[in-house]
Amino acid sequence: VFVSDRDGNDEIYTMAEDGTGQTRLTFEPSFDGFPAFSQDGTQIAFESERDGNNEIYLMNANGSNQRNLTHNGGFDSAPAWSPDGSRMAFVSKRAGNFDIFVMNSDGSSQTRITFDNASDDFPSWSADGSRIVFQSSRDGDNEIYSINPDGSNLLKLTNNFNADLHPRPSPDGSKIAFVSDRDGNNEIYVRDIATSKLIRLTFHDGNDFWPSWSSDSTEIIFHSDREGANDIYRFAADGSSRAALTGDSSSNSHPHWAPK
């Protein structure tokens with residue numbers, strides 16, 4: 001599942017993992033973005049401003065039964081499913097700045113778990129559901145942090161003078177993919193959780209963002225502006241065998257790989 005503005009504004013699309021069969025799922029004049037498949041592949045959570053401000057929505061994987069999960073005047077964004085599908089983490093500005101919240105997957109029990117004047121953003125769950133990783137500017141520049149789903153035991157995972165963004169733990173629990181500009185521009189990196197070894201996977205003058213793992217943790221998809229407009233690319237988790245999945249004049253971005 002991914003976002004494209006090919007039909008005039010940002011909408012949600014799906015495609016096969018080789019880039020074929022691209023199908024539009026949302027048809028709204030407003031922004032639809034940040035899609036995420038549920039762990040059983042039957043539903044997609046996403047963000048939309050169709051009701052006047054950004055809220056979290058849910059739909060079936062074929063685009064049917066679209067419904068609103070959050071209802072407030074704040075800005076709700078970037079939903080991420082827990083591994084068992086029972087909960088979602090998301091970002092909200094309802095308290096004045098971007099913080100991480102957790103709710104049940106039906107939208108109930110919305111609970112704030114970070115409390116900082118800085119921006120906490122783009123949450124993702126660990127493979128066992130015990131931690132939520134996210135980016136935060138609380139130390140002056142964006143770094144990667146993790147926290148328990150109840151808001152306890154905050155840990156800082158990266159520490160440098162550049163921006164570390166968009167963390168995504170692998171489904172096998174062994175690695176975290178993320179974006180960093182520590183080498184001059186935004187590239188995809190992978191950190192081994194057991195050894196803390198860091199590997200840079202992309203090497204290009206363009207900006208690479210938003211990594212998402214295949215369900216077997218052997219491949220990653222991401223979007224990049226390396227050819228001008230954003231397009232979606234697929235490559236092996238060691239950085240080899242790269243292929244473009246989209247390629248036109250529109251912006252194609254924020255891919256999320258469906259589970260198998």
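In strand S6, the bridge partner of Gln43 is Asn60, in a predicted model where local features need pLDDT of at least 70 and side-chain atom pairs count only at pLDDT 80 or more, while totals for chains, interfaces and linings use all residues. Residues are numbered from 1 along each chain as its sequence is written, and side-chain values use heavy atoms, with hydrogens and water left out. Strands are DSSP runs of E with at least two residues, numbered from the N terminus, and two of them pair if DSSP finds at least two bridges between them.

- S5 (residues 43-48) and S6 run antiparallel and are joined by 6 bridges; in their hairpin, which has 6 residues between the strands, Gly52 takes a positive phi near 110 degrees.
- Buried means under 20% relative accessible area, exposed over 50% and partly exposed in between, with a 1.4 Å probe and protein chains only; 6 of the 6 residues of S5 are buried, so S5 is largely enclosed by the rest of the structure.
- In a regular strand the side chains alternate between the two faces of the sheet.
- In S5, Gln43, Ala45 and Glu47 point one way, whereas Ile44, Phe46 and Ser48 point the other way, and all are buried.
- S6 (residues 55-60) is mostly covered, with 5 of its 6 residues buried.
- On the S4 side, S4 and S5 pair in the antiparallel sense over 4 bridges, and Gly33 stands opposite Glu47 in S5; the hairpin of S4 and S5 has 5 residues between the strands, and in this hairpin Gly41 takes a positive phi near 75 degrees.
- S6 is joined to S7 (residues 67-68) by 2 bridges in the antiparallel sense, and the bridge partner of Leu58 in S7 is Arg67; their hairpin has 6 residues between the strands, with Gly63 taking a positive phi near 95 degrees.

- S14 and S15 run antiparallel and are joined by 2 bridges, and the bridge partner of Tyr145 in S15 is Lys156.

**Nonpolar cores**

- A nonpolar core is a set of buried Ala, Val, Leu, Ile, Met, Phe, Trp, Tyr and Cys residues joined through side-chain atoms within 4.5 Å; the largest has 15 residues, of which Val102, Ile113, Trp125 and Ile132 touch the most other members.
- The elements that give two or more residues to this core are S8, S9 (87-92), S10 (99-104), S12, S13 (132-136) and S14 (143-147).
- A second, separate core of 12 residues includes Val179, Val190, Trp213 and Phe235.
- Contact means heavy atoms within 4.5 Å; leaving aside neighbours within four places in sequence, Ile132 is in contact with Ala89, Val102, Ile113, Pro123, Ser124, Trp125, Tyr145, Ser146, Ile147 and Pro149.

**The largest pocket**

- On a 1 Å grid over the protein atoms alone, a pocket is an open set of points where a 1.4 Å probe fits, with protein on both sides within 12 Å along at least five of seven lines, and its lining residues have an atom within 4 Å of a point.
- About 540 Å³ of space lies in the largest pocket, where a volume is the space filled by probe spheres set on grid points that are joined across faces, edges and corners.
- Its lining has 29 residues, of which Gln39, Trp81, Ser124, Pro169 and His256 lie nearest the centre of the pocket.
- The elements that give two or more residues to this lining are S4 (32-37), S8 (76-81), S12 (120-125), S16 (164-169) and S20 (208-213).
- The lining divides into 20 nonpolar, 8 polar and 1 charged residues, where Ala, Val, Leu, Ile, Met, Phe, Trp, Tyr, Cys and Pro count as nonpolar, Asp, Glu, Lys and Arg as charged, and the others, Gly among them, as polar.

**Asn230**

- Asn230 is found in the loop between S21 (219-224) and S22 (231-236), and at 21% relative accessibility it counts as partly exposed.
- Not counting residues up to four places away in sequence, Asn230 touches His223, Ser224, Asp225, Ser250, Ser251, Asn252 and Ser253.
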